[in-house]
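Morning, everyone. I'd like to walk you through one structure and its side-chain contacts. Please have a look at it first.

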Amino acid sequence: MRNKITIAGALLTFILVTGCLGYRFMLGLSWIDALYMTVITITTVGYREIGDPSPEAKLFTIFIILTSVVIVGYSVSVISEYLLTRNSLQARRERAKKKHLESMENHIIVCGYGRNGKQAVAKLQDYNRDYIIIEKNQEIIDNAQLDDKYFLRGNANEDEVLLSAGIDKASTLISALPDDADNLFIVLSARQLNKELKIISRASEETSYKKLKLAGADNVILPDQIGGQHMASLIVSPDLIEFWDNLSYGGDDGVNLEQVSFEQMFDHQNECTIIDLNMRQKTGCTIIGYKSPNGEYIVNPNPDTVIGKGSKIIVVGNSNQIAQLQKSYRIHE
């Protein structure tokens with residue numbers, strides 16, 4: 001379609017330039033009069049001619065009329081097709097986006113597609129998690145290498161936008177806007193709309209940490225602080241940090257961490273010990289952490305540790321092992 005529009009524009013320019021040059025030199029008209037003669041000839045409006053046309057000028061006018069009929073007709077059809085196609089395509093996109101939103105449950109809402117938002121979305125893609133991005137800047141949406149259905153244009157500060165993103169059915173909200181005040185307002189609104197929602201917020205200033213926690217954020221991330229600690233750790237213990245980076249950002253061929261709740265592993269309410277779970281034999285993953293129902297964390301738990309209702313385990317494995325784990329225990333369903 002873009003090629004057709006380019007061709008149509010080039011043809012219209014050609015006929016205008018040709019007409020102006022022809023009338024300029026055949027009839028000795030000024031450039032304004034030559035343009036006037038060209039336009040009234042192309043549009044066939046029948047206004048008064050300027051000057052006394054010679055036989056050559058009459059033949060030239062006939063050529064311009066016949067040529068312009070074809071060119072203008074082609075241009076009108078191309079422009080009409082473009083407008084109809086664009087409206088139809090936009091309607092299809094809107095229907096696809098609406099259908100995508102209505103079908104999602106336990107999805108993640110990402111507010112803001114800046115640097116932190118992009119990193120969060122990339123990680124969610126690695127884990128095949130459903131997500132929707134709320135972004136108010138249309139230019140950012142247009143330049144993103146993502147399908148339009150993953151974006152909801154609007155201000156995440158507004159309750160209507162959060163509701164349109166399915167916050168009542170979402171499992172998690174990530175507020176990654178650069179301004180702490182905006183993040184605070186989003187956290188307050190989101191907590192009011194969904195009491196069970198897990199909320200993770202970005203913060204630029206340390207003074208905003210407690211405010212965001214009081215507003216209802218479950219976790220508050222300070223990117224600058226984490227970046228500084230990470231750089232210092234690369235000096236103190238570089239091999240350990242590099243190993244941890246591989247755990248966190250392993251990709252397809254690397255190593256990844258995964259959490260599994262008791263409710264994901266079992267449909268019944270019977271407790272089970274880690275040794276009875278036999279996860280390494282079933283999936284190849286290794287259990288490296290345990291979270292009790294009251295929130296206590298245990299690193300490298302004993303095999304006789306009991307896994308019960310409300311508890312979770314943290315496992316490590318390569319991409320194939322994690323895939324087997326997700327299949328076996330219905331993770332992310």
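I'll take the aromatic pairs, then a surface patch, then the salt bridge. Keep in mind that this is a predicted model.

Aromatics to begin with. How many aromatic pairs does the structure hold? The count is 4. A pair of aromatic rings is described by two things, the distance of the centres and the angle of the planes.

Take Y113 and F151. Their ring centres are 5.3 Å apart and the planes stand at 90 degrees, so this pair is edge-to-face. Where do the two residues sit? Y113 is in the loop between β1 (108–111) and α4 (115–126). F151 is in strand β3, residues 151–153. Buried or exposed? Both Y113 and F151 are buried.

Next, Y131 and Y150. Here the centres are 5.0 Å apart and the planes are at 20 degrees, so the pair is stacked. The cut-off for stacked is under 30 degrees. Y131 belongs to strand β2, residues 131–135. Y150 belongs to the loop between α5 (138–143) and β3. The pair therefore ties together parts that are 19 residues apart in sequence. The two partners also have their own accessibility values. Y131 has a relative accessible area of 4%, so it is buried. Y150 comes in at 23%, so it is partly exposed.

One more aromatic item. Y23, F60 and F63 form one aromatic cluster.

Now to the surface. Which residues form the nonpolar patch? They are I5, I79, Y82 and L83. Together they have about 330 Å² of accessible area. Helix α3, residues 55–103, gives the most to the patch, with 3 residues. Y82 is located in helix α3. Its relative accessibility is 31%, so Y82 counts as partly exposed.

Last, the charges. The structure holds 1 salt bridge. It joins D218 and R191, and the closest N and O atoms are 3.1 Å apart. D218 lies in the loop between α8 (207–215) and β6 (219–221). R191 lies in helix α7, residues 180–193. So this bridge ties together parts that are 27 residues apart in sequence. What about accessibility for D218? At 32%, D218 counts as partly exposed. R191 is at 14% relative accessibility, so R191 counts as buried.

Methods: Residues are numbered from 1 along each chain as its sequence is written. This is a predicted model: local features need pLDDT of at least 70, side-chain atom pairs count only at pLDDT 80 or more; totals for chains, interfaces and linings use all residues. Side-chain values use heavy atoms; hydrogens and water are left out. Rings of Phe, Tyr and Trp (its six-membered ring) pair if their centres lie within 6.5 Å; planes under 30 degrees apart count as stacked, over 60 as edge-to-face and the rest as tilted. Helices (H or I, at least four residues) and strands (E, at least two) are DSSP runs, numbered from the N terminus. Buried means under 20% relative accessible area, exposed over 50%, partly exposed in between (1.4 Å probe, protein chains only). Patches are made of residues with over 30% relative accessible area and no salt bridge: like charges are joined within 9 Å, nonpolar side chains (Val, Leu, Ile, Met, Phe, Trp, Tyr) within 5 Å. Accessible areas come from the Shrake-Rupley method with a 1.4 Å probe; for residues, only the protein chains shown count as cover. A salt bridge is a side-chain nitrogen of Lys or Arg within 4 Å of a carboxyl oxygen of Asp or Glu.
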